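Have the viewer open as you go.

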Amino acid sequence: MIVDDFNFDGTEDVAIRNGNMGNYSSASYDVYVFNTTRMAFVKSEELTDLGSNGFDFFETDAKRKRLISYGKSGCCRIFTTEYAVIPNKGLDRVLEKEEDMTNEDQVKVITKEKINNKWITRTKVYPADQYNRNKK
């Protein structure tokens with residue numbers, strides 16, 4: 001079980017593992033948010049989908065009020081997707097990043113970011129020995 005404030009409303013929510021249905025058979029989760037009106041946990045279909053379809057459980061970034069999901073395809077392609085949490089509306093996909101390492105000498109990074117409701121795409125190619133995917 002994972003306990004965190006997934007929707008950034010100031011109350012703790014819970015995610016309960018429901019199997020290995022995520023990307024590449026990684027862990028999948030049912031996500032319940034605390035509803036202060038009902039004083040009970042209520043299953044969030046949107047967060048359950050996010051917690052069940054990525055590569056393991058999504059990360060929370062409380063400072064930016066973002067949820068960050070990861071996925072991969074084969075040996076050499078890693079996907080990062082960020083969602084803004086919009087109170088009383090749900091998730092809004094605001095960033096997609098693909099790191100393509102199919103060419104062993106380089107890493108091609110394609111970033112699509114929603115800025116003022118328009119998608120902006122940037123592509124950069126890095127020498128493989130100089131690329132650090134953990135650097136923000």
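Methionine 39 is exposed, with a relative accessible area of 57%; buried means under 20%, exposed over 50% and partly exposed in between, using a 1.4 Å probe and protein chains only. Before going further: this is a predicted model, where local features need pLDDT of at least 70, side-chain atom pairs count only at pLDDT 80 or more, and totals for chains, interfaces and linings use all residues. Residues are numbered from 1 along each chain as its sequence is written, and side-chain values use heavy atoms, with hydrogens and water left out.

Methionine 39 sits in the loop between strand 3 (28–35) and strand 4 (40–43). Helices (H or I, at least four residues) and strands (E, at least two) are DSSP runs, numbered from the N terminus. Asparagine 116 is in the loop between strand 9 and strand 10. Neither residue is a glycine, yet each has a positive phi. Here they are together:

| Residue | Phi | Relative accessible area |
|---|---|---|
| Methionine 39 | near 55° | 57% |
| Asparagine 116 | near 50° | 72% |

How many bridges join strand 9 and strand 10? Strand 9 (residues 106–115) and strand 10 (residues 118–127) run antiparallel to each other over ten bridges; two strands pair if DSSP finds at least two bridges between them. Isoleucine 115 is found opposite lysine 118 of strand 10.

Glutamate 96 is part of strand 8. Glutamate 96 is partly exposed, at a relative accessible area of 25%. Its side chain makes a polar contact with the side chain of arginine 93, at 2.4 Å. A polar contact here is a pair of N or O atoms within 3.5 Å; within protein, one must be able to donate a hydrogen and the other to accept it, and residues adjacent in sequence count only if both atoms are side-chain atoms. Setting aside residues up to four places away in sequence, glutamate 96 touches Thr80, Thr81, Ile110, Thr111, Lys112 and Trp119, where contact means heavy atoms within 4.5 Å. Between glutamate 96 and tryptophan 119 there are 9.9 Å from C-alpha to C-alpha, and they are 23 residues apart in sequence.

Aspartate 61 belongs to strand 5 (residues 59–61). The aspartate 61 side chain has a polar contact with the side chain of arginine 64 (2.7 Å), and it also reaches the backbone nitrogen of lysine 63 at 3.3 Å. Outside four places in sequence, aspartate 61 contacts Phe8, Arg66 and Ile68.

Which residues of helix 1 are buried? They are Leu47, Thr48, Leu50, Gly51 and Ser52. These buried residues pack against strand 2 (13–19), strand 3, strand 4, strand 6 (66–73), strand 7 and strand 8.

The second largest pocket has 15 lining residues, with Asn7, Val85, Ile86, Pro87 and Asn88 nearest its centre. Helix 1 (45–53), strand 7 (77–86) and strand 8 (90–100) each give two or more residues to that lining. On a 1 Å grid over the protein atoms alone, a pocket is an open set of points where a 1.4 Å probe fits, with protein on both sides within 12 Å along at least five of seven lines; lining residues have an atom within 4 Å of a point.
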